[in-house]
Amino acid sequence: MSFLADQSTVKYAIAPAIVAESFEPEGKTRQEALEDIEWPMALSVQTNDPALFFSALAMSCVHLPETHEFSPQKNPFFFRWLSSKCVEYLNKSLSNPSRACSDGTLVAVTFISFCESMSGNHRIAATIHQPGLRHMVNTRGGLDSIAKESAIGERVTKAISALDI
């Protein structure tokens, strides 16, 4: 059974609202911004990866205008809930050898690190998430190796490179 089966409210109501209303990051069109978040959401569903799913939602939240009902500024509880669900599922992924360094886990750690930084928790991002991500990337043979290993490898490495680990 998919992890989304029990998350129907998130899947059918909250997720599309967050993704659809995320603002346009500087230098990108709205379509490009949506594509940046839609591929991780699609990958999370295809691979049944709840850590990636919740990290993509959290990532969308940090890009919302401060006045939006799901923004971390307006609704910090919701943002912290998404982040805590992501970390809960990341811990499960990290204890599973087949998922510990998967594309989805790499992107989920990248997204949650970015979210922590954007919400003012720079220390957590810098001392927990980024060193762990660096170790996972090294375990997979580096960014060049990841980029060549799978169909989405280039997207994965592009996301990781944005953190400048």
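Helix α4 spans 26 Å from its first C-alpha to its last and holds 19 residues, helices here being DSSP runs of H or I with at least four residues, numbered from the N terminus. That reach is close to the 27 Å expected at 1.5 Å a residue, where the expected span is 1.5 Å times one less than the number of residues. The model is a predicted one, so local features need pLDDT of at least 70 and side-chain atom pairs count only at pLDDT 80 or more, while totals for chains, interfaces and linings use all residues. Residues are numbered from 1 along each chain as its sequence is written, and side-chain values use heavy atoms, with hydrogens and water left out.

Which residues of α4 are buried? They are F78, F79, L82, S83, K85, C86, Y89, L90 and S93; buried means under 20% relative accessible area, exposed over 50%, and partly exposed in between, with a 1.4 Å probe and protein chains only. As background, an α-helix has 3.6 residues a turn, so residues three or four places apart point the same way.

Next come the charged pairs. The whole structure turns up 5 salt bridges, each being a side-chain nitrogen of Lys or Arg within 4 Å of a carboxyl oxygen of Asp or Glu. One of them joins E116 and R80, whose closest N and O atoms are 3.1 Å apart. E116 belongs to helix α5 (residues 103-118) and R80 to helix α4 (residues 76-94), so this pair ties together parts that are 36 residues apart in sequence.

R140 has its own set of partners. With D103, R140 makes a salt bridge at 2.9 Å, N to O. That pair links distant parts of the chain, with D103 in helix α5 and R140 in the loop between α6 (122-139) and α7 (143-149), 37 residues apart. Both ends are tucked away, D103 being buried at 13% relative accessibility and R140 buried at 14%. A salt bridge also runs between R140 and E149, with the closest N and O atoms 2.7 Å apart; E149 is partly exposed, at 44% relative accessible area.

Back in helix α5, T110 is worth a stop. Is T110 buried or exposed? T110 counts as buried, at 2% relative accessibility. Leaving aside neighbours within four places in sequence, T110 is in contact (heavy atoms within 4.5 Å) with L133, A159, I160 and L163. T110 and L163 are 53 residues apart in sequence, yet their C-alpha atoms are 7.2 Å apart in space. The T110 side chain also reaches the backbone oxygen of L106 at 2.8 Å.

As for the cysteines, how many disulfides does the structure hold? The count is 0, a disulfide being a pair of cysteine sulfur atoms within 2.5 Å. For C61, which is in no disulfide, the nearest cysteine sulfur is that of C115, 8.0 Å away. C61 is buried, with a relative accessible area of 0%, and C101 is buried too, at 19%.

Notes
Helices (H or I, at least four residues) and strands (E, at least two) are DSSP runs, numbered from the N terminus. A polar contact is a pair of N or O atoms within 3.5 Å; within protein, one must be able to donate a hydrogen and the other to accept it, and residues adjacent in sequence count only if both atoms are side-chain atoms.
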